[in-house]
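Look at the model below with one topic in mind: how the two chains meet.

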There are 2 protein chains.
Amino acid sequence: MTDPRSTRSRTAILTAARALLLKEGPAAVTHQRVAQEAGIGRATVYRHWAQPEQLLLAAMSGSDLPYFRDPTPPVRPWLRDQLRAMATEMALPEVVAVTLTLMQGAVWSPQIADQRNHAIAAITDRLRAALEIAATTGELTADVSPDDAASLLIGPLVYRTAMQAGTVPDALIDRLLDGIGLSR
Amino acid sequence: MTDPRSTRSRTAILTAARALLLKEGPAAVTHQRVAQEAGIGRATVYRHWAQPEQLLLAAMSGSDLPYFRDPTPPVRPWLRDQLRAMATEMALPEVVAVTLTLMQGAVWSPQIADQRNHAIAAITDRLRAALEIAATTGELTADVSPDDAASLLIGPLVYRTAMQAGTVPDALIDRLLDGIGLSR
């Protein structure tokens with residue numbers, strides 16, 4: 001049985017931790033700052049997440065990426081919609097922050113690296129399924145591995161949003177689809 | 001009060017680190033090479049910057065990456081060499097670390113964001129010059145803006161090295177060059 005007070009404090013802690021992550025970066029996600037921001041005792045934060053790294057990881061996670069699930073033919077318009085949704089999300093500051101924290105955290109934390117690897121593998125598997133459908137419908141005019149397809153499709157969205165701090169026009173998405181050999 | 005010897009050694013270390021970064025790329029910015037280049041003991045370098053990432057970040061501020069300088073026709077082989085060098089560097093863990101530190105730090109630090117924006121603008125300007133040459137030599141078969149070219153060329157390298165923790169084969173680089181409309 002879950003104590004409803006415990007559920008409430010957990011939610012308040014996660015909300016506070018994500019707010020701090022967005023405003024000040026991962027270094028601000030300490031038990032003390034999170035407790036203060038959430039208006040909760042520090043001991044309560046420790047009870048839910050004993051280690052700072054667990055607290056940060058909890059702040060960053062909480063959602064499986066909702067992209068590239070359940071591909072349907074014709075693949076090109078389906079994939080265009082998926083990339084459009086992803087690009088729009090990735091242009092949001094809080095999504096940029098969490099993406100980069102996950103990427104950067106993986107350098108020093110094996111736990112975060114696991115979380116990143118899990119997300120990356122899921123994306124590759126979903127793209128593999130989509131490419132197999134595109135091969136059977138005749139939309140795919142060139143050979144491309146699922147790993148390469150992920151790099152070619154998602155890499156430019158990361159660069160545009162996280163490095164150039166810009167948005168992704170539809171014309172760029174069409175160019176990405178051309179680039180992996182999906183015929184118009 | 002600052003010890004003047006400390007100020008002098010700090011300056012000498014940064015000068016040496018930037019010289020190495022410019023001449024040989026981020027992988028060359030190690031405590032050992034920097035100490036050698038600066039004519040200073042390795043322990044002194046460690047005293048100023050304990051971690052390799054800190055040393056590299058310090059060197060990167062106010063300096064700039066040695067890629068895409070001085071394009072020469074034909075543009076495709078020149079650009080292939082530039083991307084090959086960049087991809088090989090980016091597969092090194094310490095270069096991944098500093099790239100991600102720069103990207104992630106820009107979310108919460110205006111100073112780091114300035115540094116990132118400066119680096120991104122320099123890369124775009126250099127690619128613009130290269131694309132202009134490719135247009136005059138007839139190598140460029142499609143219209144692509146310098147911003148889009150940067151996303152399409154560098155984004156997949158970032159995804160492959162920093163997200164997939166993988167390396168970049170030559171075939172992927174050729175695909176990137178095809179993708180921006182540079183004829184073989």
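In this predicted model, 38 residues of chain A are in contact with 34 residues of chain B. The size of an interface is often given as the accessible area lost when the parts come together. Here, about 3,200 Å² is buried between chain A and chain B. Carbon and sulfur atoms give 63% of that area. On the chain A side, the residues that lose the most area to chain B are Tyr159(A), Met163(A) and Arg175(A). Together they account for 22% of what that side buries.

Between chain A and chain B, the count is two salt bridges. Arg160(B) forms a salt bridge with Asp148(A). Their closest N and O atoms are 2.7 Å apart.

Which elements of chain A give two or more residues to the side that touches chain B? They are helices H1 (4-24), H6 (93-108), H7 (110-137), H8 (146-163) and H9 (170-179) of chain A. H8(A) gives the most, with 13 residues. By class, the side of chain A that touches chain B has 22 nonpolar, eight polar and eight charged residues.

Next, the core. In soluble globular proteins, nonpolar side chains tend to be buried together. The largest nonpolar core in this model has 75 residues. Phe68(A), Leu79(A), Phe68(B) and Leu79(B) have the most contacts inside it. Take Leu79(B), leaving aside its neighbours within four places in sequence. Leu79(B) is in contact with Phe68(B), Leu127(B), Leu153(B), Leu177(B), Ile180(B) and Leu182(B).

Definitions and conventions
Residues numbered from 1 in each chain as written. Chains lettered and ligands numbered in written order. Predicted model: local features only at pLDDT ≥ 70, side-chain atom pairs only at ≥ 80, totals over all residues. Heavy atoms only, no water. Contact = heavy atoms within 4.5 Å. Buried area = accessible area lost by both parts, 1.4 Å probe. Salt bridge = Lys/Arg side-chain N within 4 Å of Asp/Glu carboxyl O. Helix = DSSP H or I, 4+ residues; strand = E, 2+ residues; numbered from the N terminus. Nonpolar A, V, L, I, M, F, W, Y, C, P; charged D, E, K, R; others polar. Core = buried A, V, L, I, M, F, W, Y, C linked by side-chain atoms within 4.5 Å. Buried < 20%, exposed > 50% of the residue type's maximum accessible area, 1.4 Å probe, protein only.
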